[in-house]
Amino acid sequence: MSSTAGQVIKCRAAVSWEAGKPLVIEEVEVAPPKAMEVRLKILYTSLCHTDVYFWEAKGQTPVFPRIFGHEAGGYGSSRLSWKAVLAFVYRNTISLPLFLFGALRIVESVGEGVTDLAPGDHVLPIFTGECRECAHCKSEESNMCDLLRINTDRGVMISDGQSRFSINSKPIYHFLGTSTFSEYTVLHVGCVAKINPAAPLDKVCVISCGISTGYGATVNVARPPKGSTVAVFGLGAVGLAAAEGARASGASRIIGVDLNPKRFEEAKKFGVTEFVNPADHKKPVQEVLVEMTNGGVDRSVECTGNINAMISAFECVHDGWGVAVLVGVPHKDAEFKTHPVNFLNERTLKGTFFGNYKPRTDIPGVVEKYMNKELELEKFITHSVPFSEINKAFDLMLKGESLRCIIRMDG
């Protein structure tokens, strides 16, 4: 076991003290994991729009001070196997002496009752969980765990209602049960996916949220037949992942819909074949798409959270067999309005959460798709910054200049 197991660890974390203000690198105390919890050493994390949304306090309930972050990769055990050591050295191109005398001392501990994480495991923290005991976890159709389902308002651990982070004995709150903008963090074991130790954590960390959400929405929920036409609303990282899923499924036409024309050229890398900017047309965009496709697209995937885009995504699918999948999260007061005849004409509307992936069961398989070159991740990663410059990652996203910015925790 590591020398710090069972003890409080002091480390750096990027703390958000108030809404919209730059994050501050602070020394925080991270308590040891309690029963069914894991303390992880985070090596790489990335910035997702959800972090920015709640940092700006546009979410449901502002909770500060807080440590954001939920897309990351790290270690979740007390020591590493030699196989894992060599894989890490090879993938991260560091010297073996540096690894032996540095990294081996940073792996961490598990709490009482944790049995499915062993020394040497590499893991991805996930913002939702899989307890494997509730009706949802036992169902083959659902990934919405009763115990560990996402809760954006909760800033504490579910076992005792306490935070594992503190500064001078004052609590610093968690975010999405992950808080990966910290060199060490504590999660419920059900929110930790064990992955192939050979997978490069600076790449597969983006699987923790956005990429899986968009890709899974297409391949697991929309399921476009080979040769079909797919419309993707919103060409941010999630929408581009949805387009990637459409290409992997064999779609012949992938139509990107976005108000930002600067995104169109980038989207070609993800299989998008045609583009529609709603601002360029006087008629509703769903009518434009229906005309373009002789009756409507076979599948649509909405990734904006804008209620009008959601309605358009549904009304643009072909009658008789068209399926629309909603991914984006709308404003809490938004209302979805469409004529009931759209349903009677055999159009289908579906929603999805995290691409319908069960975190512990399915995410290791998504990592394997990358390892087998069935899924490209590098093209989603547009920037990289050291941890000390984490605010630069926020600036890049706010300016619309990045898809995913990797934050290197050792910098």
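What is the order of the strands in the open sheet of six strands? The order is E12-E11-E10-E13-E14-E15, with parallel pairing. The model is predicted: local features need pLDDT of at least 70 and side-chain atom pairs count only at pLDDT 80 or more, while totals for chains, interfaces and linings use all residues. Residues are numbered from 1 along each chain as its sequence is written, and side-chain values use heavy atoms, with hydrogens and water left out.

**The sheet and its helices**

Strand E12 (274-276) and strand E15 (348-351) stand at the edges of the sheet; each has a single partner strand, so one side of each lacks a neighbour there. From one strand to the next, the twist averages 20°. Strands (E, at least two residues) and helices (H or I, at least four) are DSSP runs numbered from the N terminus, and two strands pair if DSSP finds at least two bridges between them. Strand E10 (residues 229-233) and strand E13 (residues 299-302) run parallel and are joined by four bridges; Ala231 stands opposite Ser300 in E13.

Helix H7 (residues 237-248) lies across E10, strand E11 (253-257) and E13, at about 170° to E10. Helix H10 (residues 307-315) lies across E10, E13, strand E14 (323-326) and E15, at about 170° to E13. Axes are lines fitted to C-alpha atoms, for helices over the stretch in contact (heavy atoms within 4.5 Å), and angles run from 0 to 180 degrees between N-to-C directions.

**Helix H12**

In H12 (residues 359-371), the residues Pro359, Arg360, Ile363, Pro364, Val366, Val367 and Tyr370 are buried, where buried means under 20% relative accessible area, exposed over 50% and partly exposed in between (1.4 Å probe, protein chains only). Seen down the axis of H12, these buried residues fall within an arc of 155°, so they line one face of the helix; the arc is that of the directions from the helix axis to the C-beta atoms. They pack against E5, strand E9 (192-195), helix H5 (201-204) and helix H6 (210-222).

**Local backbone features**

Most residues other than glycine have a negative phi, and most peptide bonds are trans.

| Residue | Phi | Location |
|---|---|---|
| Arg132 | about 70° | loop between strand E5 (122-125) and helix H4 (135-138) |
| Lys373 | about 65° | just after H12 |

Arg132 is partly exposed, at 37% relative accessibility, and Ser169 is exposed, at 68%. The peptide bond from Phe64 to Pro65 is cis, with omega near -5°.

How values were computed
The expected span of a helix is 1.5 Å times one less than its number of residues.
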